[in-house]
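Dear colleague,

Please find below the structure that I am handing over to you, together with its sequence. My notes on it follow directly after.

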Amino acid sequence: MEQFWSFFSFPLNMLLAAIWAGGWWMMWRNHRDSAAVRFMLSPSATVSAICMLAGAGLWIGFTGDRLFVQSVFFAVVLLYSQTVVFLVTLRGWRRPDGVIRWRFLLIHAGFLLASGAGFWGSPDSSEMRVKLGPGETAHEAYRLDGGTGILSYELELKDFSMKSGTDGKPVHYEASVSVDGGAPVQILVNHPYNVKFGEDVYLTGVSESGCVFQIVREPWRYFALAGILMLIAGAFMLFIKGPRK
Amino acid sequence: MNSIMPYIAVVMAVIGSVSAWAGWRRTAVSFSVLASVTLAWMICSKWILSGIPPLRTMGDTRMWYSFFAGIAGLFTYLRWRYKWILSFSTVLSTVFILLVALNPEKAGATLVPALQSPWFIPHVTVYMFSYSLLGCAFLIGLVGLFRKSSDLLPSADTLIYIGTAFLTFGMLSGAIWAKAAWGHFWSWDPKETWALVTWLMYLLYIHLRLYRRGSDRLLYILLIFAFACLQMCWWGINFLPSAQESVHVY
């Protein structure tokens, strides 16, 4: 299924997202009274979108079936939810008198950006791992399906260290790596190294013989982060302003 | 000293809630505040003695929940003057603090690297605070269902809005932290999935209220169901087979 979705990687996903957003924007602008737009803007559509997302979450929650998020059914549910939120945002982001409804806009547009980055950007995302000993270099890494992927740079482990606590558990580990023979940089847990646009190197494990690195490509993460920050700001306004009187 | 603190807090909270029933407002508020201060003292002393924030074990989260449940109950009592809310929040708080007192958990002496993040404290405490507010909304749902009246819905709305705001921050701060620690904002871990389901349940309540859809009975049942999802997210997932794959089991 992962291979099927990778067909939609950049630029096709960007094109499809633009067609989807542009199409619904045209519908909103020119055919506001059409049955499709009226349905998508109805309370029933909002409630059904939330219920379908919650239903999908309950399925994954009870079964642990994470591959469900790669199914066509889940993609349809997400697309439907995004369409509802997109049109609701277009309709409601400002009042008829022109005043912008910031709380509404931040929450809905934030959700749209964050979930949209996950949905449209997933074909461009990848995760690979590589184990390196001191002085070893890598030009490729292992994908989660067991295959190998090419790194567009050379990753070299210069040095690493690990400290254990009194109970023998690791309390601190870090690695010093060099990219394309450049100056060494430190990588720690919670402090990945941004190697290039949308790509980070994480230190996931340390043993006596070397370190395990995780290479994550998520070029759409900036949209996701922007959406998350907007949602947090909207949530803050939800707290300050409370329920609509 | 810390071993008797939970019992002192429970006694104070019980005096506070009985006073609320009796209509002695000042006594109710005073003893409820004292109960919260006792729990705060317990949390602080544990923090200072270990040098590590007490946020790592299920017992730690229960302790925070008891603390915040008392505060949320007091807030609801002060704001809407429901004399029953302090009794209910006391029961909620007592159950969890007694679980801590009767089943003490030993946390390791070290903080594992993944938890060494500036998000660690705000993520967990904000979640626990939202859980306590939503716990009060759950109590309102129970009472409302029993009384068959819509009078309690406006107060539930306020609690849901504030609780959902904090729940949103808790969930999204977790997503930002997860990106830094594990590489992805969202990986459909059982804990994340149940957090999303809980969040969606409260969103459903908010939208049903905004659209004026759904009977009072349905809304009260939704408050109860949403709180059940919240409990699944908090500790219920530990009993699911999928929890074996979770990085959030503690």
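**Domains of chain B**

In this predicted model, 20 residues of domain 1 of chain B are in contact with 16 residues of domain 2 of chain B. On the domain 1 side of that contact, α3 and α4 (85-102) of chain B each supply at least two residues. The largest share, 11 residues, comes from α3(B). As for the bounds, domain 1 of chain B covers 1-104 and domain 2 covers 121-250. The C-alpha centres of these two domains of chain B lie 21 Å apart.

**A helix pair in chain B**

Helix α3 of chain B (residues 58-80) also packs against helix α2 of chain B (residues 25-50), at an angle of about 160 degrees and with the axes 9 Å apart. An angle over 145 degrees counts as roughly antiparallel, and α2(B) and α3(B) are therefore roughly antiparallel to each other. Their crossing is left-handed. From α2(B), the residues that take part are V29(B), S32(B), A35(B), S36(B), L39(B), A40(B), M42(B) and I43(B). They meet M63(B), W64(B), S66(B), F67(B), G70(B), I71(B) and L74(B) in α3(B). The residues of this contact of α2(B) with α3(B) comprise 11 nonpolar, 4 polar and no charged.

**The sheet of chain A**

Turning to chain A, 8 strands form an open sheet in the order β5-β4-β3-β2-β1-β8-β7-β6, with antiparallel pairing. Which strands stand at the edges of this sheet in chain A? They are β5 (185-188) and β6 (193-196) of chain A; each has a single partner strand, so one side of each is left without a neighbour in the sheet. On average, and with direction ignored, neighbouring strands of this sheet are turned by 40 degrees against each other.

Within the sheet, strand β1 (residues 126-132) of chain A is joined to strand β8 (residues 211-217) of chain A by 7 bridges, and the two run antiparallel. M128(A) has I215(A) in β8(A) as its bridge partner.

N194(A) stands opposite D200(A) in β7(A). Together, β6(A) and β7(A) form a hairpin with 2 residues between them. In the turn, G198(A) has a positive phi of about 75 degrees.

With kind regards

Key. Residues are numbered from 1 along each chain as its sequence is written. Chains are lettered from A and ligands numbered from 1 in the order in which they are written. This is a predicted model: local features need pLDDT of at least 70, side-chain atom pairs count only at pLDDT 80 or more; totals for chains, interfaces and linings use all residues. Two strands pair if DSSP finds at least two bridges between them. Helices (H or I, at least four residues) and strands (E, at least two) are DSSP runs, numbered from the N terminus. Axes are lines fitted to C-alpha atoms, for helices over the stretch in contact, and angles run from 0 to 180 degrees between N-to-C directions. Angles under 35 degrees count as roughly parallel, over 145 as roughly antiparallel, 65 to 115 as roughly perpendicular and the rest as oblique. A crossing is left-handed if the near helix is turned anticlockwise from the far one by less than a right angle, and right-handed if clockwise. Two residues are in contact if their C-beta atoms, placed from the backbone, lie within 7 Å. Ala, Val, Leu, Ile, Met, Phe, Trp, Tyr, Cys and Pro count as nonpolar, Asp, Glu, Lys and Arg as charged, and the others, Gly among them, as polar. Domain bounds come from an automatic or database domain assignment.
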